[in-house]
Amino acid sequence: MYNITLIKGDGIGPEIAASVLKIIEASGVEVNWDIQTAGADVAETEGVPLPERVLDSVKRNKIALKTPVTTPIGKGFRSVNVQLRKELDLYANLRPCYNLPNVKTRYDDVDIVVVRENTEDLYAGIERQVNPDTAESIKIITRNASERIAKFAFDYAVKNNRKFVTVVTKANICKLSDGLFLDSARKIALEYNIPLKEILIDNCCMQLVQNPNQFDVLLLPNLYGDIVSDLCAGLIGGLGVAQGANIGNDYSVFEPVHGSAPDIAGQDKANPTALLMSAVEMLNYIGEKDKAKKIKNALFKTLESDIKTADLGGKYGTIAFTNAIIERL
Ligand code: NAI
C-alpha cells in the first residue's frame, strides 16, 4: 500500500483524476490517496489557493500526482503550480514527448525529452508597475540553478541511453542571463561523455516544426521550456497526451503538461491520457514497473482499437474511454 498525495485542481482536473484513479485501482496497485484540493475555490474558503496542508501532505508522502489548477490571467493570485515547484524545490521539469499508437501526427518517430528549469527565470514573480504606462519583470538566472538543471539533463541522458543534449537559449540577446545558463551547461558537459549541442530558441522552434527527429534531450530555462513543451506536445497529438513530472532532491510531483481546459470542463470531453501517462511514470518511479507497463499496454491497445477522445478525432467521452482502458488491462 502506497501513500501518495493527489492534488486536485479545477477545470477538467476532477474528471481526469477520477478516470486515472479508477484505472490505477483496476490495475491492482494499492494506493492510499491523500486527496488535497487547491485553486480558486480553496482560496475562497481557506484564504489562499495553496494552503500549507497541501505542502505538508507532499512532504509527508514524498510523491504526488497533480491535476491542473487555473491561474487568473493578468490579476489575482500567483500560480499555484509555480508556488508548489518553488516551495518544494522541484527544480527539474521533465517532459518526455513521443508518438502514441494510432494518434495521427505530422511526424512519426518523435522522441524528444524536454528538461525545463523550474524555479527561476521570469517565473520568479518579480514584477512592478513602474508607472501607469510601464511594467517591469525581472528575469533571474543563477549559476547554482543552471548547473543543477544541466546536471539533471546529463544524468537523465546517461541513465536513459540518450545520445546528446541540446541547450536552448537566446544568449545572443540576453547575454548575461541566458549567457550564464549556456555557460553552466558547457561547464557541466565537460563532466560527461555525452555531447552538448547549442541552439538559439527561435531557430530551435523552427527546426522542431520542420524536423523534430533531429533532437534528443532539450535543456531549457523556465520560460522557453514552458513554450517548447507545448510545441512538442503539438508534435505528438496535442496537450491531451503530453505527460510531465516535477522532480527535486526530496519530492516529486507528476502532472500533465496541459492546463485546466475550462472550455471543456464538466462535459465528459477531457482526454485523461496525459495524466495517465504521468501516473505511469510515477508508478515506474516508485518501482511498480510491471503495473506501469500493464496500464501503458492497455492504453495503447485502446488507442489501437480506434477508441479515442474528441481531441484526437475520436467520439468517445472521458468515461467510455476510461472503461475501454480498464477492459484491456
Ligand atoms: P489548457 O492546456 O488548459 O488548454 C489548451 C487547449 O487544449 C484547450 O482548447 C483545451 O480544451 C485543450 N486541452 C487541454 N487539455 C486537454 C485534455 N486533457 N483533453 C482534451 N483537450 C485538452 O491551456 P489554457 O487554456 O491556456 O489554460 C487554462 C488554465 O490552466 C489557465 O488558468 C492556466 O494558467 C492553467 N494552466 C495550469 C497548468 C498546471 O496546472 N500545471 C499548466 C498550464 C496551464
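Predicted model: local features only at pLDDT ≥ 70, side-chain atom pairs only at ≥ 80, totals over all residues.
Residues are numbered from 1 along each chain as its sequence is written, and side-chain values use heavy atoms, with hydrogens and water left out.

Q: Why is Thr-322 called buried?
A: Buried means under 20% relative accessible area, exposed over 50%, and partly exposed in between (1.4 Å probe, protein chains only). Thr-322 has 3% relative accessibility, so it counts as buried.

Q: What does Thr-322 touch beyond its neighbours within four places in sequence?
A: Contact means heavy atoms within 4.5 Å, and with those neighbours left aside Thr-322 is in contact with Ser-19, Ile-23 and Pro-272.

Q: Why is Cys-174 called partly exposed?
A: Its relative accessible area is 24%, and partly exposed lies between the buried and exposed limits, so Cys-174 is given that name.

Q: How do you know that Cys-174 and Cys-205 are in no disulfide?
A: A disulfide is a pair of cysteine sulfur atoms within 2.5 Å. For Cys-174 the nearest cysteine sulfur, that of Cys-205, is 14 Å away. For Cys-205 the nearest one belongs to Cys-204, 5.7 Å away. The structure holds zero disulfides.

Q: What makes β2 and β9 edge strands of the sheet?
A: Strands are DSSP runs of E with at least two residues, and helices are runs of H or I with at least four, numbered from the N terminus. Two strands pair if DSSP finds at least two bridges between them. The open sheet has 10 strands in the order β2-β1-β3-β12-β11-β4-β5-β10-β8-β9, with mixed pairing. β2 (31-37) and β9 (196-200) each have a single partner strand, so one side of each is left without a neighbour in the sheet.

Q: How do you know that β8 pairs with β9?
A: Pairing asks for at least two bridges, and five bridges join β8 (residues 165-169) to β9, the two running parallel. In β9, Glu-198 is the bridge partner of Val-167.

Q: What makes a set of residues a nonpolar core, and which residues have the most contacts inside the largest one?
A: A nonpolar core is a set of buried Ala, Val, Leu, Ile, Met, Phe, Trp, Tyr and Cys residues joined through side-chain atoms within 4.5 Å. The largest has 83 residues, and those with the most contacts inside it are Trp-33, Leu-65, Ile-112, Val-115, Leu-208 and Leu-219. A second, separate core of 14 residues includes Ala-38, Leu-55, Leu-84 and Leu-88.
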